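Reader: I have a model open and want to learn how to read it. Please take me through it feature by feature.

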Amino acid sequence: MRRLSVLFLALLALLTLALTSCGNHKLFRNGKSEYTIILSPDATESERYAAEELRYWIKEVSWTDLPLADLSGGVRGKRLVVGFNPLVSEMVPEAVKPEDRDDSFTVRSVGGDILFWGGSLRGTLYAVYSFLEEELGCRWYSSKVSVAPHKDVWSFNKLDRHEEPGIKIRDNCVLDVRSNPVFSARTRNNFVRLPGNNPGETIPGTAEGYWGVHAMGYLVSPAEFYSTHPEYFSMRDGKRVPRYAQLCLSNPEVLDICIDRIKDVMRREPDYLIYSVEQNDNQEFCQCDECTALAEKYGGQSGLMVWFVNQVADAVKEEFPDKYIGTFAYQYTRHAPKDIAPRDNVVIRLCSIECCMFHEYDDCELNVDFLKDLRDWSAIAPHLYIWDYVTDFAQYSLPVANWKTMGPHIKDFRDNNAIGILEEGDYQTVSCELREMRSWLLAKLMWNPDADVDALIKDFTDGYYGAAGPFIREYLELEDSILRRPGIHSDCYISASDPMYTNEFIFEGRKIFAAAKEAVASDQILYDRVETAEMPLCLLLMQKNPIVGFQEGADDLVRSVVEREGIDRMAEGEWSGGVVSAKRLMEQFDRLEKGMKEAPEFPAADVKATIQGVAYKKYEGPFMSTSQMLTKGKLVNSGIMPWIGIDNDPDNDHFGYVFDCWFKAEQDGVHQFTVVSDDGAVLLIDGSEVLDIDGSHSVQTGLAMVNLAKGLHRFTLRYFEDCEGQSLDIYLAAPDGYNGHLPASRLFTPNQ
Ligand SMILES: [Zn+2]
Ligand SMILES: [Zn+2]
């Protein structure tokens, strides 16, 4: 009986499925269709573009080319009506014409006709894309990868879909989106207004643009005004700063210039929605008495900023009633002010640069302050816009485990009334980890902050990586469990030496990628995509342990991905610590490879040493090199210490050490020793000098590659400190996989 009812239910389900997939109305069947795409004669450029896109993608899916016609032509047969026009009003009398800039849309069937309407600038276009994605299964995963699954037949009974954007202004700030307006529009990003990469590529519809960033430096520049009006610029420690710093906001002439100049910009470039009157990118706010008094009156530097920008906003309001003046809540202006609120035509752009990307805002001690600022601003600012950071700017390619937090962060922005978000990723290049998925997800989440992230990730990984999809998801879980283990936080400047990147992470990750590559070995296109996804792990390995990296071919993988993807840049800037230019990174690989090949060979010593420790001799005296230390220095102390270091030395200047021990090579092969010291250091292996950064200097890094036979080798390090700062750190990368500080467990005292 029970079995029977299960069978019955299954049959019912099949029947239901058959009915829905064989709806009453067939859009196309076996390469034929009765449908015509209908446009109003006065359709906007964007609506015409929407009709072309609908026609193009239906043809891709069905191999049927639908005709386009004017609605005045009295079309027979069934219709796809694009744009809000008299036909929509006639067929859906309750429908209200949306505002031009309204991105929300409706896809509705009336009988066998399908109507697509929304705001005339983008809404209708998004209606078309939504239909193509949700009903026909099209996807636009990146500017280069679109999916249009072929179907013999597609039919429907009833369609009624209405969507509104969760975030009004969606700026997916990565190069692939910003330089590809067509792709940008397909993924419902609505910021881009730059010309496209491809000749003739136009911008469909329009976008909700933001003119400028850090524009105060442009509106009132020191180059133009400092010589005649130093008082326009910030006062620091009693002096007006002549270079790029900040403006003296309490000076009424500065206000007048800002007003005149921003009005000029608004007249010259009228298509933007928000115009930047934003602080420059540094912390050197004006400390003059007037500025300080205003800041105190309004609860801090942000109060002074709002006081200033409100006056600019008041001055432009009459001439530009639909436009906004934008200003930052960034670094020294991040906290909300007191006793003053931004005007209705002011947009506050709040920046999350200090935040931890790995945790939700209410679930991380590093994010509590930001959440308070977000809520405080939300309470007083009529329009809040978020500048958010979603990748590693010190090294774009390194793995960043923020897959589970991007959604909740965007939800917090939406719940605190953000009208716009700029999600800053690899805006200068295309080297961010899993960049296609990251920006696709961000586009989806900015449109619908409540979207199911796991479902989106499954959609992308299966669609983009094919049979390797499940492995990519496994890798994301690995990132989540290791990089986001308890106690680990991460802002948007991460280096390869960060302790969260364990050997286990690299090892397990590469195992997953080996399986992923095997799954798609017969498909070169998918194989290349998986290799690109693996590149961050290989780069990490090359930076942490190039010895093993070369052994395992990690360098070749990085090289081939850099070349194939056309990656020219690895980091945002020199200041961020990583290697910026991809060319320089490849040159670094060349140098390391040469060092590996030419590494001097050392046979193991025929000794036994079992007691751990390092013999040391300490010298004092005014010497300028380690050789002078040995001839002129006074030997003051000697003995055994557990490890090589100067951290416990009580002296600050004019001292030095000779450290002497046996180093145990666990495995035959090239070992890399890195010495970071202030001042000089010289390293000898088995009596031969292999590293020399001697002399008086600030922190310098020296590198030695030596080919050691398994067993014991004499390890002698001479170090001296002249004056001012002092430091000594030694790192080992070994062929057995070890990388990190030279471990005490491999050092044995010679006195035994
Ligand atoms: Zn001032
Ligand atoms: Zn955290």
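Reader: Is Asn-30 buried or exposed?

Author: Start with the cut-offs. A residue is buried if 20 or more other C-beta atoms lie within 10 Å of its own, exposed if 12 or fewer, and partly exposed in between, with C-beta atoms placed from the backbone. Asn-30 has 11 other C-beta atoms within 10 Å, so Asn-30 is exposed. Its phi is positive, about 45°, although Asn-30 is not a glycine. Asn-30 sits in the loop between strand E1 (25–29) and strand E2 (35–39).

Reader: What should I know about the model and its numbering?

Author: This is a predicted model, where local features need pLDDT of at least 70, side-chain atom pairs count only at pLDDT 80 or more, and totals for chains, interfaces and linings use all residues. Residues are numbered from 1 along each chain as its sequence is written, while chains are lettered from A and ligands numbered from 1 in the order in which they are written.

Reader: How many helices and strands does the protein have?

Author: Helices (H or I, at least four residues) and strands (E, at least two) are DSSP runs, numbered from the N terminus. Here there are 22 helices and 31 strands. Of the 752 residues in the protein, 45% are buried. The C-alpha atoms fill a box of roughly 105 × 80 × 55 Å along the principal axes.

Reader: Which domains does the assignment give?

Author: Domain bounds come from an automatic or database domain assignment. That assignment gives domain 1 (19–164), domain 2 (209–347) and domain 3 (601–748). The centres of domain 1 and domain 2, taken over C-alpha atoms, are 46 Å apart.

Reader: Now a helix. What span should H16 have?

Author: The expected span of a helix is 1.5 Å times one less than its number of residues. Helix H16 (residues 469–482) has 14 residues, so it should span 20 Å; its end C-alpha atoms are 20 Å apart, which agrees.

Reader: Which residues of H16 are buried?

Author: First the general idea. An α-helix has 3.6 residues a turn, so residues three or four places apart point the same way. In H16, the buried residues are Gly-469, Phe-471, Ile-472, Tyr-475, Leu-476 and Glu-479. They cover an arc of only 165° around the axis, which puts them on the same side of H16. The arc is that of the directions from the helix axis to the C-beta atoms. Exposed Glu-477 and Ser-481 are on the face of H16 turned away from its buried side.

Reader: What covers the buried residues of H16?

Author: Look for contacts: two residues are in contact if their C-beta atoms, placed from the backbone, lie within 7 Å. The cover includes helix H15 (453–465), helix H17 (503–519) and helix H18 (524–544).

Reader: On to sheets. What is the order of the strands in the open sheet of 5 strands?

Author: Two strands pair if DSSP finds at least two bridges between them. The order is E20-E27-E24-E29-E30, with mixed pairing. Strand E20 (601–602) and strand E30 (739–741) are the edge strands, each pairing on one side only. Inside the sheet, strand E24 (residues 669–678) and strand E27 (residues 700–708) run antiparallel, joined by 9 bridges. Thr-674 stands opposite Leu-703 in E27.

Reader: Why does Met-705 count as buried?

Author: Met-705 counts as buried because it has 22 C-beta neighbours inside 10 Å. Met-705 is found in strand E27. Leaving out residues up to four places away in sequence, Met-705 touches Gly-595, Met-596, Ala-599, Val-670 and Gln-672.

Reader: Where is Asp-679, and what joins Asp-678 to it?

Author: Asp-679 lies in the loop between E24 and E25. A cis peptide bond joins Asp-678 and Asp-679, with omega about 10°.

Reader: Which strands does E25 pair with?

Author: Strand E25 (residues 681–685) pairs antiparallel with strand E26 (residues 688–693) over 5 bridges. E25 also pairs antiparallel with strand E28 (residues 711–721), over 5 bridges. Leu-683 stands opposite Leu-691 in E26, and Val-682 stands opposite Arg-718 in E28. E25 and E26 form a hairpin with 2 residues between them, and Asp-686 in the turn has a positive phi of about 45°. As for cover, 4 of the 5 residues of E25 are buried.
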